[in-house]
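User: I would like to learn how to read the features of a structure like this one. Can we take them one at a time?

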2 protein chains.
Amino acid sequence: MRLSIDKEQFLKALNTASKAIASKSADPLLANLKLDLNEKGLEVTGTNKEITIQCLVPYRIGEKEIIRAAGLGAALINAKLLTEVVRRMDGIELTMEIIDDSIAKIDDGRSSFKLNCIKAEAFTDIDLEPNGVILTLDCAEFSALVEQSAFAASNKEQRPILTALNLEATDGVLTATATDSARLARKTLNIDSDARFRCNVPARTLTDVTHLFEGAKRVTLAVSDSSILFLFENTIVCSRLISGDYPVTRAIIPQTFNYYLEVNAQELLSAMSRASLLSAERDYVVKLSMTEEEVQVSARSEQSGSALESIQTFSYTGERLEVSFNSVFVIDAIKALKSEDVRICFQAEMKPFVVLSPKDDTVIELITPMRTY
Amino acid sequence: MRLSIDKEQFLKALNTASKAIASKSADPLLANLKLDLNEKGLEVTGTNKEITIQCLVPYRIGEKEIIRAAGLGAALINAKLLTEVVRRMDGIELTMEIIDDSIAKIDDGRSSFKLNCIKAEAFTDIDLEPNGVILTLDCAEFSALVEQSAFAASNKEQRPILTALNLEATDGVLTATATDSARLARKTLNIDSDARFRCNVPARTLTDVTHLFEGAKRVTLAVSDSSILFLFENTIVCSRLISGDYPVTRAIIPQTFNYYLEVNAQELLSAMSRASLLSAERDYVVKLSMTEEEVQVSARSEQSGSALESIQTFSYTGERLEVSFNSVFVIDAIKALKSEDVRICFQAEMKPFVVLSPKDDTVIELITPMRTY
């Protein structure tokens with residue numbers, strides 16, 4: 001392999017593909033990026049076996065020549081070192097040459113680096129061909145779908161299935177569901193497609209993927225039995241799926257309620273985050289006390305003291321009610337709604353309640369109360 | 001104690017005094033701030049026994065009333081909790097009242113907090129009266145003195161005296177010296193005073209103190225046998241001194257040299273930080289190779305490969321010379337000089353060399369080379 005390449009485009013691909021590299025891995029080969037100069041351009045690939053990211057640096061972008069090739073080929077180079085070296089080089093254009101399959105020589109005329117490298121054949125081959133069910137979506141819509149649901153997934157590995165975001169496409173609707181068993185978030189998106197699939201994608205991976213979109217407009221999902229591919233611009237991300245049956249959650253969401261609170265989102269957020277300072281050691285539990293005249297948020301701790309917050313702007317319908325809960329769950333839910341006002345609908349003191357946006361019926365957040373102190 | 005107080009001024013004092021609070025301490029009392037409302041204003045004090053910080057919130061700042069007192073008194077309140085609570089409260093003015101020496105009630109009309117507190121008498125009394133030798137300096141000049149020297153102190157506790165910055169005032173000159181035994185930094189400042197003292201102040205403390213100066217113009221040092229006080233604006237910082245004799249370092253600095261390199265600071269910094277990527281596992285050692293025609297920086301590692309950098313803008317006087325050193329030391333020294341160009345003067349391959357600013361003879365940085373590979 002021998003080429004000269006635009007530094008900024010090369011660095012961008014290195015940075016993106018490096019996001020798949022684990023900071024520590026049992027397999028030292030996985031600390032490397034695979035660089036493959038072929039007829040499409042320079043493919044930069046990183047993987048940690050859970051997730052694989054491949055970025056293509058094309059020969060040209062519009063009128064501009066990005067790569068001048070003088071010999072195709074491939075090699076594995078340490079991801080962290082290569083990215084740091086390229087990042088710090090001053091030149092606008094770099095030349096790179098692989099010598100004897102063992103040294104990558106990188107030069108900008110002033111700095112000259114010889115990095116040890118490994119034959120490309122040592123790398124596990126990962127299938128990045130789109131197979132299975134194909135669905136193309138607007139990037140912004142897919143990002144919102146993930147952002148409004150994935151946060152409710154579990155981050156504990158005891159029940160791996162709960163670390164997933166469940167994606168289900170059927171009848172022209174894509175539904176994303178996440179639950180850690182104490183709370184649940186669900187978001188739907190109308191899709192102009194008759195694609196049908198059901199899969200469990202690691203929630204953290206999905207969040208990472210949406211952060212890679214940058215300027216991309218459309219993303220194509222390719223869902224097969226054991227993996228899902230995301231294709232956007234010059235990037236392909238492949239993630240394993242989590243096996244197992246996702247819990248049946250449709251029946252959990254209550255349909256009728258006895259108490260309704262509508263309140264300014266920001267005011268409730270501030271009051272809850274302040275009050276919960278006093279219950280940090282007790283799962284940040286706060287109590288919401290509501291009558292038609294007064295709404296208060298309170299918290300208390302043996303060790304630290306107590307807090308009492310009065311909500312100024314609200315409308316409440318129902319008899320007097322007190323509900324205690326982990327304030328982090330409600331704060332996450334309100335933030336995810338991205339709504340000026342939120343509506344909270346209760347069945348009873350110890351029954352799950354839902355947090356909604358009055359203006360957006362595509363998203364619902366369900367939270368289980370905690371025992372009142 | 002009962003008062004109403006301007007939130008911003010209160011928060012500023014809490015933040016500053018909290019900088020003395022250790023994140024973990026064997027003595028739970030030291031997690032508290034002492035609040036003392038007396039005839040001067042509200043004194044907020046935090047300590048970790050090594051360093052004590054006291055901020056005064058005065059009753060008035062210019063025309064503006066900051067505190068309205070309705071009863072003097074004192075109490076100890078958990079620093080982290082109090083600061084967080086005050087930070088997040090929305091009101092412009094807060095009221096605070098200590099009830100039965102055990103509860104601090106803080107209120108802004110909307111949020112009401114009752115924080116557990118402790119009698120002020122439980123706090124160790126720390127003497128914050130200025131004693132000993134007094135010296136008043138310009139804050140910017142004292143900050144520069146510290147910034148250009150303190151970085152060379154050791155951060156290892158094996159030889160505590162080397163973690164100090166040695167301050168010596170004599171004959172109208174204040175000299176700051178730091179060394180970790182592999183490098184040394186010395187900075188002098190002319191003082192309009194016949195003050196004479198010699199003391200060893202923890203280097204990290206001095207850096208922290210200069211970061212507290214903000215808008216302050218003048219700082220007064222009060223040096224006694226076992227402690228040093230810094231007084232500026234409404235703040236007093238007291239630090240213990242490190243006991244023991246500071247190494248005699250005057251004779252170490254060579255006076256005659258055989259090789260001189262003058263080079264653009266930024267170019268040398270970039271080249272060394274790039275090259276040292278290749279020797280991260282070997283103390284970031286790089287080799288400087290100089291002739292009158294060519295100056296190069298190189299580094300190599302068995303594991304990773306090698307780097308070779310050509311310096312474009314330089315002037316070198318002397319025969320061919322190769323010197324290897326820990327690049328971190330030279331990078332720190334160059335940064336501390338804050339000079340566009342730097343001059344490096346060598347005696348011989350394995351003898352200590354000095355890094356200077358061609359335009360500022362008040363600062364000198366001495367570095368011991370490492371064995372060449």
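This is a predicted model: local features need pLDDT of at least 70, side-chain atom pairs count only at pLDDT 80 or more; totals for chains, interfaces and linings use all residues.

User: How many helices and strands does the secondary structure of chain A come to?

Analyst: Chain A has 6 helices and 28 strands. Its C-alpha atoms fill a box of roughly 80 × 50 × 40 Å along the principal axes. Of its 373 residues, 42% count as buried.

User: What share of the contacts in chain A with a separation of 6 or more comes from residues 24 or more positions apart?

Analyst: That share is 66%.

User: Into which domains is chain A divided?

Analyst: There are three entries to note: domain 1 (2-122), domain 2 (133-250) and domain 3 (253-367). For a pair of domains, look at the distance between centres and then at the residues in contact. The centres of domain 2 and domain 3 of chain A, taken over C-alpha atoms, are 28 Å apart. Domain 2 of chain A gives 11 residues to the contact and domain 3 of chain A gives 9. On the domain 2 side, strand β15 (residues 183-190) of chain A supplies the largest share, 7 residues. By class, that side of domain 2 of chain A has 5 nonpolar, 2 polar and 4 charged residues.

User: How do I read a sheet, and in what order do the strands of the open sheet of 9 strands in chain A stand?

Analyst: In chain A the order is β16-β13-β14-β15-β28-β27-β26-β20-β24, with antiparallel pairing. At the edges are β16 (197-202) and β24 (314-317) of chain A; each has a single partner strand, so one side of each lacks a neighbour in the sheet. The twist from one strand to the next averages 15 degrees.

User: How many bridges pair strand β13 of chain A with β16(A)?

Analyst: Strand β13 (residues 164-170) of chain A pairs with β16(A) over 6 bridges, in the antiparallel sense. Within that pair, V201(A) of β16(A) is opposite L165(A).

User: Which residues have the most contacts inside the largest nonpolar core?

Analyst: They are L165(A) and L165(B), in a core of 219 residues. Beyond its neighbours within four places in sequence, L165(A) has contacts that include V146(A), A150(A), A178(A), V201(A) and L206(A). S149(A) is also among the contacts of L165(A).

User: Which helix lies across β15, β26, β27 and β28 of chain A?

Analyst: Helix α6 (residues 327-337) of chain A does, and its direction is at about 170 degrees to β28(A).

User: What is the strand order of the open sheet in chain B?

Analyst: For chain B the order reads β16-β13-β14-β15-β28-β27-β26-β20-β24, again an open sheet of 9 strands with antiparallel pairing. In chain B, β16 (197-202) and β24 (314-317) are at the edges with a single partner strand each, so each has one side without a neighbour in the sheet. Strand β13 (residues 164-170) of chain B and β16(B) run antiparallel and are joined by 6 bridges. There, L167(B) is opposite C199(B) of β16(B). Helix α5 (residues 265-275) of chain B packs on this sheet, where it touches β20 (259-264) and β26 (341-346) of chain B, at about 95 degrees to β20(B).

User: Where do the two chains meet, and how many residues of each are in contact?

Analyst: The size of an interface is often given as the accessible area lost when the parts come together. Here we count residues instead: 27 of chain A are in contact with 27 of chain B. On the chain A side, α2 (79-88), β11 (111-119), α5 (265-275) and β23 (305-311) each give two or more residues. By class, that side has 9 nonpolar, 11 polar and 7 charged residues.

Terms used. Residues are numbered from 1 along each chain as its sequence is written. Chains are lettered from A and ligands numbered from 1 in the order in which they are written. Two residues are in contact if their C-beta atoms, placed from the backbone, lie within 7 Å. Helices (H or I, at least four residues) and strands (E, at least two) are DSSP runs, numbered from the N terminus. Ala, Val, Leu, Ile, Met, Phe, Trp, Tyr, Cys and Pro count as nonpolar, Asp, Glu, Lys and Arg as charged, and the others, Gly among them, as polar. Domain bounds come from an automatic or database domain assignment. A residue is buried if 20 or more other C-beta atoms lie within 10 Å of its own, exposed if 12 or fewer, and partly exposed in between; C-beta atoms are placed from the backbone. A nonpolar core is a set of buried Ala, Val, Leu, Ile, Met, Phe, Trp, Tyr and Cys residues joined through C-beta atoms within 7 Å. Two strands pair if DSSP finds at least two bridges between them. Axes are lines fitted to C-alpha atoms, for helices over the stretch in contact, and angles run from 0 to 180 degrees between N-to-C directions.
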